[in-house]
Structures are given as structure tokens and as C-alpha cells.
Amino acid sequence: MNTKVSSPDVGRSFSLRTAPVELEDIVRYAGAAGDFNPMHFDHDLAVAAGFPDNFAQGMLTAGLVGVLVGSEFGPERVRGLGIRFKAPVWVGDAPTVAGEVVSIEDDLARIELTVAVEEREVAQGWMTIDTSDEEEDE
Amino acid sequence: VSAPEHAWPVHFAVERGKCRELADVLRAPDGPYREGRRLTAVPTFPVVSNHWGFSGADVLRDLGCDMKRVLHGGEEYEYPNGPLLEGQEVRGEQRLLSRESRTGGDGTPLAVLVLETVLTDAVTGDIAVRIRRTLIERGAPA
């Protein structure tokens with residue numbers, strides 16, 4: 001399979017944007033993951049709890065980030081993903097993932113990630129990418 | 001604060017249909033997440049363990065946490081031997097690593113819980129994935 005992927009060179013930065021997260025995505029994710037906390041799709045419940053609207057499961061956001069960045073560098077080369085949630089992703093938000101390759105050690109590139117909706121930071125994270133199949137530069 | 005002894009068995013198979021379902025909802029482009037004879041599982045694939053035994057809600061209940069006050073602080077996955085692949089079967093257990101009291105910026109007492117899951121390949125016995133989940137319970141001293 002010829003999937004076009006990027007090379008994780010140190011210093012390389014990128015910005016990738018998801019499509020808006022709609023209520024349908026949240027419901028479909030609940031079914032796919034088996035995680036049915038109704039706060040994410042029951043509007044009256046979310047409002048009664050003091051939220052302005054429903055918001056995406058954290059793991060939906062993490063999943064979107066993992067697939068977006070994984071597809072950029074090659075799904076088979078992903079060796080790790082970490083994410084810290086900072087703020088909700090509301091229905092209709094379209095998060096942008098900004099990343100930078102900060103190091104390569106022991107054939108593992110580390111990418112630092114910031115996930116934001118316009119100026120609002122919603123998560124920080126990292127991914128590691130196996131570089132052992134990159135061309136040797138010795 | 002020492003962590004009470006808790007462990008929950010985890011076991012799941014990497015099924016083709018579930019790989020495709022997650023690839024669809026996570027909008028994976030054409031490529032290894034959705035095409036080929038053996039699909040690559042998305043990095044967050046282990047969330048499917050909710051369908052195979054203890055769900056995240058069960059774990060919170062066993063820990064005595066009030067689900068309505070629990071926030072998901074973060075999640076980490078390490079795949080030392082590469083991503084999960086279609087057809088693989090993994091098993092292991094989830095354990096409570098730590099449970100600590102903190103104070104939020106607004107003075108709210110918080111309990112920060114860290115859960116670790118180590119899953120090994122059912123055939124080779126090699127470590128397939130290590131997962132760390134951080135949960136924050138607001139208004140609850142640990």
C-alpha cells in the first residue's frame with residue numbers, strides 16, 4: 001500500500017485541522033467505544049449540570065488527534081500517544097492540531113502537540129514515531 | 001496516600017469491523033487504518049475494552065467515585081512493538097497506581113487517580129501496550 005507520509009525530521013512543524021465535531025460524531029463514538037456517559041449527548045442533562053452545551057468525550061478528541069497525526073507520519077510507525085485534556089470541545093468545534101518534532105532518540109521521534117479551537121487550548125499531547133526505516137544519514 | 005489494591009482483568013481482540021468503525025468515526029483517510037488485508041488499529045483502540053468486561057463506569061463504581069464529578073485528566077499509550085493489528089488478541093489487567101489528594105486553583109479538594117493497564121499479546125506474550133489513565137474527582141479528598 002502506498003500511503004503518502006511525512007518524514008519526522010527534528011524541527012519540522014505542522015498544523016492539521018479536523019472537521020467540526022457534531023452531535024452525530026459524539027453518539028457514534030459512544031457506540032464505538034462503549035462509553036455512554038449521557039453528559040456528552042443529552043442536552044438537557046448537560047445544561048442542568050451547568051454546561052452551555054454537550055461536549056465531546058475526551059477520548060474522541062484523543063482519537064481524532066491520533067488518527068490525524070498517525071496518518072501524517074504513517075499509521076504503522078506510531079509507537080505512542082499521550083494527551084492531557086485542558087478544556088471541553090463543544091459541539092460544532094473544529095480542533096486544530098499543531099505539532100513540532102522536538103527530538104529523535106533511539107529511532108523514536110517525539111512530537112509535541114497542542115490542540116486548540118481557534119485561540120482556546122483544549123489539550124496538550126505528544127506522539128512518538130518509529131524512525132528506524134528512515135534513510136541512514138551517517 | 002497509599003493506593004488500595006484494585007485490579008480489573010482486561011481482554012479484547014482487534015476485530016476488523018471495530019477497526020473500521022473507529023476509523024470511520026475518527027475520520028481516518030484511506031490507508032492502513034481502513035484498507036488492506038490486515039488493518040492497523042487506531043492508537044486509541046483499547047477503548048473498546050469497555051465492550052469486553054469491565055467498563056470505565058464499572059471501575060469508577062468499584063473505586064467509590066461519583067461519576068458526575070469525575071473528569072478525564074489524560075491518557076497515555078505506549079506501543080513498544082508497534083501498533084495493534086487486526087487479528088491480534090491481548091490480555092492483562094488494569095490497576096490503580098495511585099490516588100492522591102490535591103487542591104484545585106479555586107480551593108476545591110481534588111482526588112487524582114492514576115490507573116495503569118499493561119496488555120500482552122495472547123500468542124507471543126510480548127507487551128502490546130501500556131496505558132495510563134488519569135482521572136480527577138472534584139470535591140473529593142482521596
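How far apart are the mean positions of the 10 positive and 26 negative charges of chain A? Please then look closely at helix H1 (residues 16-25) of chain B.

Analyst: The model is predicted: local features need pLDDT of at least 70 and side-chain atom pairs count only at pLDDT 80 or more, while totals for chains, interfaces and linings use all residues. Residues are numbered from 1 along each chain as its sequence is written, chains are lettered from A and ligands numbered from 1 in the order in which they are written, and side-chain values use heavy atoms, without hydrogens and water.

In chain A, the mean positions of the 10 positive and 26 negative charges are 2 Å apart. Lys and Arg count as positive and Asp and Glu as negative, with His and the chain ends not counted; each charge is placed at NZ of Lys, CZ of Arg, CG of Asp or CD of Glu. For chain B, with 18 positive and 21 negative charges, the separation of the mean positions is 2 Å.

The setting of the helix comes next. Chain B contains two helices and five strands, arranged along the sequence as β-α-α-β-β-β-β. Here helices (H or I, at least four residues) and strands (E, at least two) are DSSP runs, numbered from the N terminus. The C-alpha atoms of chain B fill a box of roughly 55 × 30 × 25 Å along the principal axes. Of its 142 residues, 46% are buried; buried means under 20% relative accessible area, exposed over 50%, and partly exposed in between, with a 1.4 Å probe and protein chains only. Chain A has three helices and five strands, and 49% of its 138 residues are buried.

Within H1(B), the buried residues are Lys18(B), Cys19(B), Leu22(B), Ala23(B) and Val25(B). An α-helix has 3.6 residues a turn, so residues three or four places apart point the same way. The cover over these buried residues includes helix H1 (23-33) and H3 of chain A.

Arg20(B) also lies in H1(B), but at 35% relative accessibility it counts as partly exposed. Beyond its neighbours within four places in sequence, Arg20(B) is in contact (heavy atoms within 4.5 Å) with Arg34(B) and Leu39(B). Its C-alpha atom is 21 Å from that of Ser55(B), 35 residues away along the chain.

Just after H1(B) comes Arg27(B), which takes a positive phi of about 60°. Together, Val25(B), Leu26(B) and Arg27(B) supply 22% of the area that chain B buries against chain A, more than any other three residues. The area buried between the chains is about 2,800 Å², of which carbon and sulfur atoms give 65%; buried area is the accessible area (1.4 Å probe) that two parts lose on being put together, summed over both.

On the chain A side, H3(A), one of the helices covering H1(B), is largely enclosed by the rest of the structure, because 15 of its 16 residues are buried. After H3(A) comes Gly74(A), whose phi is positive, near 110°.
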